[in-house]
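Q: I would like the labels in this model set against their cut-offs, one at a time. Where shall we start?

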Amino acid sequence: MTSPTATSAPAAPAAPEPAGYRLRWAALAVILAAEVMDLLDTTIVGVASPAIQHDFGGSGAQIQWISASYTLAFAVLLITGGRLGDLFGRKRLFVVGAAGFTAASVLCAAAPGAGTLIAARTVQGLFAALLIPQGLGLIKAMFPPKEVGAAFGLFGPVLGLSSVLGPTLGGYLTDADWFGTGWRMVFLVNLPLGVLAVLAALKVLPADRTTRAPGAGRLDPVGVLVLSAAVLLLVYPLVQGRELGWPLWTYAAMAASLPVLRLFTVHQRRVLRRGGTPLIEPSLFGKRAFTSALATGLVFFAAVSGLLLVFTLHLQLGLGWTPLHSGLSMIPLSLGIVLGAVLSGALLGPRYGRRVLHAGMTVAAAGVLGLRATVEHWAADLTSWELVPALAVAGLGLGLIMAPFFDIALAGVEDSETGSAAGVLNAQQQLGGSIGVALLGTAFFGRAGSDGFRHAAGWTYGLTAGLFAVTFVVAFLLPRHARPQACR
């Protein structure tokens, strides 16, 4: 008998890795500029709220809705925005979203009253929902596998810098009163960024593919309505509940979102059986990396959003620091995020995969526990300098998590599923953020009334470290590496 070795054909040479889109790094800069606009608008407006209330004389609820209307519109339409990118082209939707977001920013700046401003903020959130999901899909399409981690790693520095730049810039622009604009400049600052983003996107983003499967160009309007209703029922009470003291209707609304989500699932299966295009590709939920990333990211982003909220509340309400002082005090956190993201994106993530996520969770939890110890030790004598070590460690941990998380989540997603996947991932971030703000914000104010702001902050930082510990455990559901060859 002839041995298998003697008759085996020589192994075929490995297929060369695709080179990637020629202008991919310039295109990434455009995508990150859009991320900056969105992240600024989620933080910058809160600082300007007292000045807006002074000008308009609106109620506290109206002022709160200036921020909440953007968040709700953004969250409700994110998945639809991502799917539209699959159907009609990511470059086209990116340009439309950036142009609409910029125009809505001008409308916000020109608003004559609180009601008009809330409406303009809603429009701004709708266009952001068209704009933001396209970024993840474009990155996955433009970069070869060996560079994807480094590209996603740059989201960490953007998140970190924007978290500081938002409140700092908001406080500065409101106080500076450039050209007599006062708080309106916090919206006008989007104008140069938006115009440049649109012009650069037209120039450097890759052209959209025009070939589609039969019927793929039709959006499912019933699916959009049902899913939007489900997200609204879930996110609205999370946004409003803490301010209103969690009345019974908030719990009823969140409970009602579950059967509506079930109805959406049934409808999507019916659309697929009839040969139509579902709003969310059901095949995504058969991918272990994607589904486990949704569970991991939900807890992680809840912890991050809650941490940023409580830190700001403690400094401003408990210690009486100005928004500008509070924003500048977060610089060590941002620098830590930048360093961690660069290390994980370019070096550690592609080689060690999930282990970098676990290391990041451990370091972040240690930093938050250090923050708790610092706050408890220094009490009213706390200054920005005492916060530096703990914030830098926490930021390093957060930065280590960013690149491997997105790389693993999207590695197995097909090109036709990318927009849908990006929309779901972005919606998960918004939902996680709303849960974190509701959970940790409620815990903070619940303790502050009886124990004071310092002990409330310490207690809540402990809860935040606990959320990072939960994320550590949930992350075991993720594959060890984004791609099998990465572990060789």
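A: Helices here are DSSP runs of H or I with at least four residues, numbered from the N terminus. The model is predicted, so local features need pLDDT of at least 70 and side-chain atom pairs pLDDT 80 or more, while totals for chains, interfaces and linings use all residues. Residues are numbered from 1 along each chain as its sequence is written, and side-chain values use heavy atoms, without hydrogens and water.

Q: What makes Asp86 and Arg83 a salt bridge?
A: The closest N and O atoms of Asp86 and Arg83 are 2.9 Å apart. A salt bridge needs a side-chain nitrogen of Lys or Arg within 4 Å of a carboxyl oxygen of Asp or Glu, so the pair qualifies.

Q: Which residues are linked with Arg83 in a network of salt bridges?
A: Asp86, Arg90 and Glu281 are linked with Arg83 in that network. For Arg83 and Glu281 the closest N and O atoms are 2.5 Å apart. This pair links distant parts of the chain, 198 residues apart: Arg83 is in helix H3, and Glu281 is in the loop between helix H12 (248–273) and H13.

Q: Why is Glu376 called partly exposed?
A: Its relative accessibility is 28%. Buried means under 20% relative accessible area, exposed over 50% and partly exposed in between (1.4 Å probe, protein chains only), so Glu376 falls in the middle class. Arg454 also has 28% and is therefore partly exposed.

Q: What makes the pair of Trp183 and Phe187 edge-to-face?
A: The centres are 6.2 Å apart and the planes are at 90 degrees. Rings of Phe, Tyr and Trp (its six-membered ring) pair if their centres lie within 6.5 Å; planes under 30 degrees apart are stacked, over 60 edge-to-face and the rest tilted. Trp183, at 2% relative accessibility, counts as buried, and so does Phe187 at 0%.

Q: How do you know that the charged end of Arg447 sits over the ring of Trp459?
A: The charged end of Arg447 is 4.1 Å from the ring centre of Trp459. The rule asks for NZ of Lys or CZ of Arg within 6 Å of the ring centre and within 35 degrees of the ring normal.

Note on methods: Helix = DSSP H or I, 4+ residues; strand = E, 2+ residues; numbered from the N terminus.
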